[in-house]
Amino acid sequence: MTAIPARRTSFATPGPLRRSVRRFTERAGIFLVAVAILSAFLMPLAYMSLTAFKDQAQVADSGAPLYPASPRVFEYDGEARPIYEVSIDGVTRQLAIVEKGRESYVMIDPADPVAGTFVWPGRWRTLTPAWDFDPKVENFALAWEQIEFPKLLRNTAIIAVVSTIGAVGSAIAVAYGFSRFRFRGRGPLFLVLLATIMLSSQVTLVPTYILFTRIGWSGTWLPLIVPHFFANAYNVFLLRQYFLTIPRDLDEAAMIDGAGPFRILRSVIVPQAIPAIVAVTLFHFFFAWNEFLLSLVYVGGNPDLWPLSLGMQKFASLYVTRPPLVQASAILAIAVPVFVFFLAQRAFMRGVVVTGVDK
């Protein structure tokens with residue numbers, strides 16, 4: 001008889017299944033990396049938010065939980081007795097210490113105080129305190145009063161809003177000129193404009209301070225606002241790149257209808273470039289809101305004109321030993337930018353993406 005060869009069973013993964021597994025693995029890896037990066041960026045914000053709701057005693061206690069909490073206590077004979085987690089016969093119970101001794105302690109069960117007290121042999125320093133979730137919202141009220149938040153918020157809003165209007169308006173005009181008009185030297189001028197991005201503001205700080213001092217602007221908001229009305233190279237670059245993606249056919253159609261350059265800018269270019277304009281607006285608004293150095297140089301000697309950055313710096317130096325108040329003031333300061341960002345989030349993200357790629 002002829003032997004029939006045994007049939008070999010293949011355990012190899014089929015092609016489509018193998019591709020699905022590889023695709024899932026790649027996506028899972030990308031997701032884990034993104035979560036790790038996001039966690040690294042959000043960790044300081046999470047620490048700030050949690051610390052703002054704690055009290056000073058919890059911050060100083062190394063054994064305290066990460067969340068805002070207060071030690072759990074039990075009223076006994078008119079006094080607050082601390083509650084600890086005590087293991088008795090393998091069962092963990094929450095008991096309050098009524099009287100401390102050298103090697104034994106008198107305890108009572110807060111859940112059953114009628115049962116009375118009993119003696120527990122052991123050392124209380126080895127016990128873990130019981131904690132109750134107890135956020136200290138009053139930290140924000142105290143920071144609001146001590147930092148004079150309404151005045152600082154008003155000053156910061158004036159500086160940020162007015163300078164943003166000037167920066168965005170001037171950047172739109174300059175970007176429109178570079179994207180739609182042909183004139184001699186346009187290329188070299190644009191390169192010179194872009195070269196100013198590499199020029200740090202600290203390099204020009206001394207000459208600009210001398211200039212503003214001689215014309216009497218020192219001690220006012222003018223040095224913080226007026227220079228932004230002369231366009232920023234970064235804003236101009238973003239808007240110009242977006243304007244170049246808008247078809248010129250729209251300009252020509254408007255010209256046939258009798259529209260001039262300013263009418264084309266107002267009725268054709270600006271409506272088409274809303275995402276990019278929103279992105280530039282938010283970029284400058286956040287920059288002006290958080291600006292510290294120039295505010296310190298020009299209005300540092302006049303507390304009535306201080307923005308939030310200067311007020312928070314003074315507040316942090318005064319309450320450096322009380323981190324919850326400092327973190328509460330920081331949350332108050334970032335509340336407005338975060339609220340503005342979420343209102344314009346969709347347009348902002350669309351503007352950031354489109355200005356970096358061809359439309």
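Student: Which residues of helix 13 meet helix 14 in this predicted model?

Tutor: Contact means heavy atoms within 4.5 Å, and in this predicted model Leu308, Met312, Phe315 and Ala316 of helix 13 meet Leu325, Val326, Ser329, Ala330 and Ala333 of helix 14. By class, this contact has eight nonpolar residues, one polar and no charged. Residues are numbered from 1 along each chain as its sequence is written. Local features need pLDDT of at least 70, side-chain atom pairs count only at pLDDT 80 or more, while totals for chains, interfaces and linings use all residues, and side-chain values use heavy atoms, with hydrogens and water left out.

Student: How is the packing of helix 13 and helix 14 described, and at what angle do they pack?

Tutor: Two packed helices are described by the angle between their axes and the distance between the axes. Helix 13 (residues 308-318) packs with helix 14 at an angle of about 170°, the axes being 10 Å apart, which makes the two roughly antiparallel (an angle over 145 degrees).

Student: What angle and distance between axes describe helix 11 and helix 14?

Tutor: Helix 11 (residues 274-290) and helix 14 (residues 323-343) pack at about 180° with axes 11 Å apart, and they are therefore roughly antiparallel as well.

Terms used
Axes are lines fitted to C-alpha atoms, for helices over the stretch in contact, and angles run from 0 to 180 degrees between N-to-C directions. Helices (H or I, at least four residues) and strands (E, at least two) are DSSP runs, numbered from the N terminus. Angles under 35 degrees count as roughly parallel, over 145 as roughly antiparallel, 65 to 115 as roughly perpendicular and the rest as oblique. Ala, Val, Leu, Ile, Met, Phe, Trp, Tyr, Cys and Pro count as nonpolar, Asp, Glu, Lys and Arg as charged, and the others, Gly among them, as polar.
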